[in-house]
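Dear colleague,

I am handing over a structure to you with this email, and my notes on it follow below. Please keep it open beside you as you read.

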Amino acid sequence: MNERVLSDIEVLIIEDDPRIAEINRRFIEKVDGFTVCAIATNEFEAKLQLDVLRPSLAVLDVYFPDTNGLTLLSFIKQHYPGTDVIMLTAAKEAETVVQAVRAGVFDFIVKPLVFERLRATLEEYARFRRQVTTWQEEQSTVEQSEIDRLLQSAGTGRMTGNGVGELWAKGIDKVTCEKVLDLLNRQGEVTTGTVGIELGMSRSTARRYLEYLVESGDAHHDQVYGTVGRPERIYRRRQENA
């Protein structure tokens with residue numbers, strides 16, 4: 001038991017609603033390797049817990065009666081650079097998202113919280129922390145390819161290639177995109193209709209994700225003409241030796 005606690009990533013929840021904070025705590029602790037070390041419901045408690053606990057990760061809301069989450073985010077980045085931040089908030093204003101991204105949040109998740117979305121982010125964060133720890137303990141220099149992989153795991157605003165920042169810009173959710181890609185890789189080829197049935201989404205939504213995979217190079221498509229009706233687009237997985 002003690003061994004697991006020592007290896008866990010400690011998380012500070014900064015959320016003014018105690019009920020929501022408790023829900024967030026339960027969700028976070030359902031993910032292996034994470035434990036909530038404290039909950040802060042206002043600015044004073046947040047700064048006190050940051051100073052005493054120095055957590056690896058803070059899960060931060062935007063709206064507080066006595067402060068703004070973006071102000072706290074700037075404070076954390078300035079005074080506790082070893083603490084990473086995931087914004088978890090009902091705020092959807094474009095300017096808020098842009099400011100958070102520029103300040104260096106690992107991810108920005110909009111309420112109501114979907115557990116699978118949070119779990120995917122926490123698992124990605126755990127991989128990021130392991131990579132950082134390995135570098136600090138075992139390597140004095142790194143190659144460009146290793147830097148690229150780290151940046152791809154480093155969250156919103158710092159992602160490259162098929163990262164979260166690029167996906168959001170196109171209205172694509174990372175977790176859903178991975179499900180579509182997994183289905184495509186398993187079946188070899190799909191249509192918007194088959195993706196819609198298998199994953200429970202509309203044909204237009206399926207088309208948006210499939211076209212993104214074509215654009216990113218993870219798939220290609222062909223037009224298939226039947227004897228009647230409109231031509232149908234078939235999406236096929238990328239051939240590694242193509």
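Please bear in mind that the model is predicted. Leucine 183 lies in helix 9, which covers residues 174-187, and it counts as buried because its relative accessibility is 1%, where the cut-off for buried is under 20%.

Turning to the chain as a whole, you will find eleven helices and eight strands in it. The protein chain has 242 residues, of which 40% count as buried, and it exposes about 13400 Å², with carbon and sulfur atoms supplying 49% of that area. If you take the contacts between residues at least 6 apart in sequence, 59% of them join residues that are at least 24 apart.

Five strands form an open sheet in the order 2-1-3-4-5, with parallel pairing, and its edge strands, each pairing on one side only, are strand 2 (34-40) and strand 5 (107-110). Neighbouring strands of this sheet are turned by 20° against each other on average, with direction ignored. Within the sheet, strand 1 (residues 9-14) pairs with strand 3 in the parallel sense over four bridges, and isoleucine 14 stands opposite leucine 60 in strand 3.

Helix 4 (residues 69-79) touches strand 1, strand 3 and strand 4 (84-89), and its direction makes about 170° with that of strand 4. Helix 6 (residues 115-138) touches strand 1, strand 2, strand 3, strand 4 and strand 5, and the direction of helix 6 makes about 170° with that of strand 5.

Finally, a word on confidence. The mean pLDDT of the protein chain is 83, and 83% of its residues reach 70 or more. Confidence is highest in strand 3 (residues 57-60), at a mean of 98, and lowest in helix 1 (residues 2-7), at 45. Over residues 1-6 the pLDDT is below 50, and this stretch has three contacts in the model beyond near neighbours in sequence. Residues 156-165 also have a pLDDT below 50, with 31 such contacts in the model. Where pLDDT is low, the predicted coordinates should not be read in detail.

With best wishes

How values were computed:
Residues are numbered from 1 along each chain as its sequence is written. This is a predicted model: local features need pLDDT of at least 70, side-chain atom pairs count only at pLDDT 80 or more; totals for chains, interfaces and linings use all residues. Side-chain values use heavy atoms; hydrogens and water are left out. Helices (H or I, at least four residues) and strands (E, at least two) are DSSP runs, numbered from the N terminus. Buried means under 20% relative accessible area, exposed over 50%, partly exposed in between (1.4 Å probe, protein chains only). Contact means heavy atoms within 4.5 Å. Accessible areas come from the Shrake-Rupley method with a 1.4 Å probe; for residues, only the protein chains shown count as cover. pLDDT is the predictor's confidence in each residue, from 0 to 100. Two strands pair if DSSP finds at least two bridges between them. Axes are lines fitted to C-alpha atoms, for helices over the stretch in contact, and angles run from 0 to 180 degrees between N-to-C directions.
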